[in-house]
Amino acid sequence: MGVVSLGKRVLIAEDEPHLVESLSFILNRAGYDIETALDGEAAVQSIWAMPLDLIILDVMLPKVNGFEILKKIRADARLKSLPVIVLTAKGQNQDRAMAKEMGADLFLTKPFSNKAVVAAVEELISG
Amino acid sequence: MPRAHIGSKIRERRKALGQTQAALAKQVGISASYLNLIEANKRQIGGHLLQKTATALDLELDSLDGAVERRLAEHLHELTAEPILKNLELDPAGAFDFIGRYPKWARALVTTHRALKDQTELAAALSDRLNHDPFLSDAVHNMLTNVTAIRSASEILETVSDLDAGQRARFDKIIGNESQRLSDVAAKLAAYFDKAGAEMRSLTPAEEVDDFLWEHGNYFPGLEAAAESLLTGQFEGQPASEADLILALARRHGIEIEDRAEADLTDLMLRNGCHDDQANNRLIFSDTVPVTTKRFQIARSLAERSLGDAIKAELEEEQRLTSKAAYNRASRALSSYAAGAMLMPYTSFLKDTLGLRYDVERLAHRYQVSFEQACHRLVTLKRPDATGIPFAFIRADAAGFVTKRFPLQRLPLPRLGHACPLWAVYTAFQSPGMIMRQLAELPSGDRFLFFARSASKEQATFQTHRPLVSIMLACDSIYADQTIYGDGLNVSAPSFVTPIGPTCRLCSRETCRYREEDPIIGV
């Protein structure tokens with residue numbers, strides 16, 4: 001396909017494998033290197049095992065939920081400014097408020113478009 | 001609660017009969033000007049004059065003594081507490097006049113209010129359920145995630161022009177798989193809501209049954225006679241022992257009794273300590289159920305089966321029961337009534353009641369029933385030629401919620417929620433198992449003797465929660481000296497009296513230091 005890597009690594013932490021596959025495809029086409037995690041434990045391992053430029057984090061992950069992971073990230077001085085996009089199926093104000101309080105940079109509510117995801121990643125990584 | 005103003009009713013009836021004030025006054029032996037005062041609700045009417053007036057107007061005394069109006073007025077009083085009517089500044093004191101002039105409109109208003117409360121409570125419960133039900137929460141999340149996956153794959157197929165055949169097939173497959181999963185989630189949601197719809201229970205049946213019992217004065221002579229006949233035929237007229245009841249149930253209906261360890265029963269089966277296994281013709285009891293509960297449930301089962309026709313006769317053409325749920329609830333209430341009549345036969349129970357001066361604990365011990373069952377029976381002693389003290393009955397759980405009630409004239413009992421926190425029914429929780437008595441005075445000046453005791457509905461064990469309820473009986477203070485609970489009480493001395501209200505919201509005691517909520521009017 002001939003996609004040129006931007007040298008930026010994005011972790012997609014989402015337990016729905018087909019959605020992970022689609023998001024990986026479009027973000028890869030946009031030039032990003034992709035890592036994936038299908039549950040909270042795998043996400044935690046990846047976050048502290050390799051350098052990342054952005055995390056796309058689903059709230060309702062099995063084993064360890066997204067808010068807990070976000071809290072751990074912001075508690076680590078090395079990861080304080082790592083951009084995080086929170087994905088959730090709930091658009092309720094309390095989840096937005098929680099995401100903001102835990103330190104999320106952006107909040108996307110399912111069902112979102114591919115365009116919205118790519119735009120959000122581009123905005124946070126370039127910013 | 002003010003006394004019922006029946007003057008308006010007298011006036012409306014007189015006018016409907018085309019009678020002048022002067023003519024009616026002459027007929028009943030009073031002056032026209034005095035009748036005018038009565039009709040304007042400026043004078044009370046009772047006793048002999050009330051009887052004569054009822055006769056002159058061709059009315060039953062019951063319809064003129066104000067009992068029906070008082071009950072309607074209680075309902076309307078509650079209605080004035082509704083927040084949506086706050087701006088209207090409705091004066092509860094106007095209720096009697098309204099009822100007297102427009103009784104059918106008053107009844108229509110009360111019926112509509114009940115339906116509104118019912119639907120509001122249901123909506124709140126459903127909303128709460130939607131917000132906190134884990135199944136719904138997961139289902140919505142799964143559904144939206146499936147939709148997102150389908151959308152993402154669809155957009156790729158639509159917007160990426162250089163997909164190879166393999167990639168195209170891959171995203172086609174994703175759409176297919178996610179669509180199937182979405183269908184499965186949707187089907188589960190539909191099934192969930194189907195079940196929820198079938199199980200929705202209206203709050204109205206409880207109130208309809210309350211009304212049904214009240215209209216009958218909680219006395220059913222047909223059931224009393226049927227229970228007495230069963231006792232005479234089966235148990236030689238004596239109160240039935242547990243063994244007698246078990247034998248009767250087995251011989252007459254082929255029902256066996258089984259005791260099982262609590263650990264072998266589900267929570268649903270443990271409700272009321274008893275499970276009616278109709279498929280196998282057995283009543284299954286937990287080994288932790290109190291003896292009195294077991295005996296009562298066996299008696300109730302026998303009453304349901306042996307006195308079914310008598311119970312149906314009481315419910316036949318009962319227009320107050322507008323749903324199957326209400327009918328079934330009333331049927332259960334009547335089978336409990338009949339069980340009480342079998343375990344505590346009327347004549348002997350009344351005799352012992354008077355002899356023991358309403359000592360409920362001794363009565364319960366003598367008849368081997370629970371405190372609550374004995375209290376229930378005391379409320380039913382209404383046989384015209386052999387009557388006990390008229391009592392109100394109220395049961396509250398440990399959260400303070402009123403779970404069962406039978407009201408008394410001039411003593412309003414809360415329909416739902418809590419009564420005034422000063423009532424003995426609540427102070428009884430402070431000393432479990434001990435009777436708390438109280439001389440209580442309403443803002444109207446009406447005084448009542450309250451006596452209450454907390455009790456556990458289940459046998460306590462080390463590892464299980466013991467749910468406590470509190471049972472209270474209340475009677476007009478004029479009867480206090482006929483009971484042991486009135487001994488030593490000076491019913492007219494202010495120092496013995498506890499000033500109470502119905503509930504904070506409806507109470508006019510503005511300076512009460514125990515007030516938990518602002519009243520609907522005043523302050």
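1. In chain B, Leu24(B), Gln27(B) and Val28(B) of helix α2(B) touch Leu49(B), Lys52(B), Thr53(B) and Ala56(B) of helix α4(B); contact means heavy atoms within 4.5 Å. The residues of this contact are four nonpolar, two polar and one charged. Here Ala, Val, Leu, Ile, Met, Phe, Trp, Tyr, Cys and Pro count as nonpolar, Asp, Glu, Lys and Arg as charged, and the others, Gly among them, as polar.

2. This is a predicted model, in which local features need pLDDT of at least 70 and side-chain atom pairs count only at pLDDT 80 or more, while totals for chains, interfaces and linings use all residues. Residues are numbered from 1 along each chain as its sequence is written, chains are lettered from A and ligands numbered from 1 in the order in which they are written, and side-chain values use heavy atoms, without hydrogens and water.

3. The axes of α2 (residues 21-28) and α4 (residues 47-56) of chain B come within 9 Å and cross at roughly 125°. That angle makes α2(B) oblique to α4(B) (under 35 degrees is roughly parallel, over 145 roughly antiparallel, 65 to 115 roughly perpendicular, the rest oblique). Axes are lines fitted to C-alpha atoms, for helices over the stretch in contact, with angles from 0 to 180 degrees between N-to-C directions. Helices (H or I, at least four residues) and strands (E, at least two) are DSSP runs, numbered from the N terminus.

4. Chain A has an open sheet of five strands, ordered β2-β1-β3-β4-β5, with parallel pairing (strands pair if DSSP finds at least two bridges between them). Its edge strands are β2 (33-37) and β5 (106-109) of chain A.

5. In chain A, β3 (residues 54-58) and β4 (residues 84-88) pair over four bridges. Leu57(A) stands opposite Val86(A) in β4(A).
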